[in-house]
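This briefing goes with the sequence and structure shown below. Please keep both at hand while reading.

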Amino acid sequence: MIFDTHAHYMSRRFDGRRGALLAGLPAQGVCGVLECATHSGDAPACIRLAEEYDWVWAAVGIHPESLIEDDAATVAHFHGDWRAELDVLEPLLTHPKVVAVGEIGLDYHWPVPKDAQQALFEAQLELAAAHGLPVSIHDREAHAPMYDALRRHRPRGVLHCYSGSADDAVWLTKQGLYLGFGGTLTFKNARKTVEAAAACPMDRLLLETDCPYMAPEPFRGKENNSALLIHVAQKLAEIKRVSVDEILRVTEENARRLFGV
């Protein structure tokens, strides 16, 4: 069974057909989804989605890009005061269907002030630790500061859409982190990601979509959904030289262990 550890079904891209899409996923082998918020504005909707489906859980947190996006609550309602926003988010962490703090992290691809996103990220790592929750981490073109923070804070959690090296995969997983692999693993130019997946121990592998983005081959460039993770599982099975069923079994077990569901 497919457990998708990083999804964004509350994206506007799914408006008008979200219910029909989600209702059809179990019949396609999907047994679990972690719906990830990006700021306090979409967090309540993510939780409502998790309440509606017993196989959906939620992660709530502030994404680094929310610091500069006009339609994110971080800017629109809190005017960049992420500390005040965290005060609003924290009570949501006690909801029974909230099983992680996320999506949080660092993003040096976009012009997000580095000092602000670093402070926000580390504050959320501390918040997760205080509540005994794992984290779902976004790391884009920020490996050095990200790894420094991870060494210092030693959180439980997953590096979603892992983009680091095979060497880094070894020490990160030895430290206890999980690595999320999605559609990019199937791309023709994915040599580095394939090497990282090969280096990742089986008990630290997770499947993810980041839907509606990052659809795997042969659907690259189209809308993604959790059922398409079968193609990622097939690629992982090829890399690990095991059956697809074994990949699905192990990644489901890993997801349930990490998120306590």
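The notes that follow cover a helix, a pocket, ring contacts and backbone geometry.

The model is predicted. Its largest pocket has a volume of about 1100 Å³, and the count of aromatic pairs comes to 5. Cis peptide bonds run from Gly102 to Glu103 and from Cys211 to Pro212.

**Helix α2**

- Helix α2 spans residues 43-52, and its buried residues are Ala43, Ala45, Cys46, Ile47, Leu49 and Ala50.
- An α-helix has 3.6 residues a turn, so residues three or four places apart point the same way.

**The largest pocket**

- The lining of the largest pocket consists of 35 residues.
- Nearest the centre of the largest pocket lie His8, His63, Glu103, Asp210 and Tyr213.
- At least two residues of the lining come from each of β2, β5 (135-140) and α8 (191-199).
- The most is given by β5, which supplies 3 residues to the lining.
- By residue class, the lining holds 10 nonpolar, 14 polar and 11 charged residues.

**Aromatic pairs**

- The model has 5 aromatic pairs, including Phe3 with Trp57 and Tyr147 with Trp171.
- The ring centres of Phe3 and Trp57 are 5.8 Å apart with the planes at 10°, so this pair is stacked.
- Phe3 belongs to strand β1 (residues 2-7) and Trp57 to strand β3, so their pairing ties together parts that are 54 residues apart in sequence.
- Phe3 and Trp57 are both buried.
- For Tyr147 and Trp171 the ring centres are 5.4 Å apart and the planes stand at 90°, so this pair is edge-to-face.
- Tyr147 is in helix α6 (residues 143-153) and Trp171 in helix α7 (residues 166-174), and the pair links distant parts of the chain, 24 residues apart.
- Tyr147 and Trp171 are both buried.

**Charges over rings**

- Lys114 sits over the face of Tyr108, at 4.4 Å from the ring centre.
- Arg220 sits over the face of Phe187, at 3.7 Å from the ring centre.

**Cis peptide bonds**

- Most residues other than glycine have a negative phi, and most peptide bonds are trans.
- The bond from Gly102 to Glu103 is cis, with omega near 5°.
- Glu103 is placed in strand β4, and Glu103 is also one of the residues nearest the centre of the largest pocket.
- The bond from Cys211 to Pro212 is cis as well, with omega near 15°.
- Pro212 is found in the loop between β8 (205-207) and α9 (229-240).

**Positive phi**

- Arg154 is not a glycine, yet has a positive phi of about 50°.
- The loop between α6 and β6 (157-159) holds Arg154, and the residue is exposed, with a relative accessible area of 52%.
- Cys161, also a residue other than glycine, has a positive phi near 50°.
- Cys161 lies in the loop between β6 and α7 and is partly exposed, with a relative accessible area of 24%.

Technical notes
Residues numbered from 1 in each chain as written. Predicted model: local features only at pLDDT ≥ 70, side-chain atom pairs only at ≥ 80, totals over all residues. Heavy atoms only, no water. Buried < 20%, exposed > 50% of the residue type's maximum accessible area, 1.4 Å probe, protein only. Helix = DSSP H or I, 4+ residues; strand = E, 2+ residues; numbered from the N terminus. 1 Å grid on protein atoms, 1.4 Å probe; cavity = no way out; pocket = protein on both sides within 12 Å on 5 of 7 lines; lining within 4 Å. Points joined across faces, edges and corners; volume = space filled by probe spheres on them. Nonpolar A, V, L, I, M, F, W, Y, C, P; charged D, E, K, R; others polar. Phe/Tyr/Trp six-rings, centres within 6.5 Å; stacked < 30°, edge-to-face > 60°. Lys NZ or Arg CZ within 6 Å of the ring centre and 35° of its normal.
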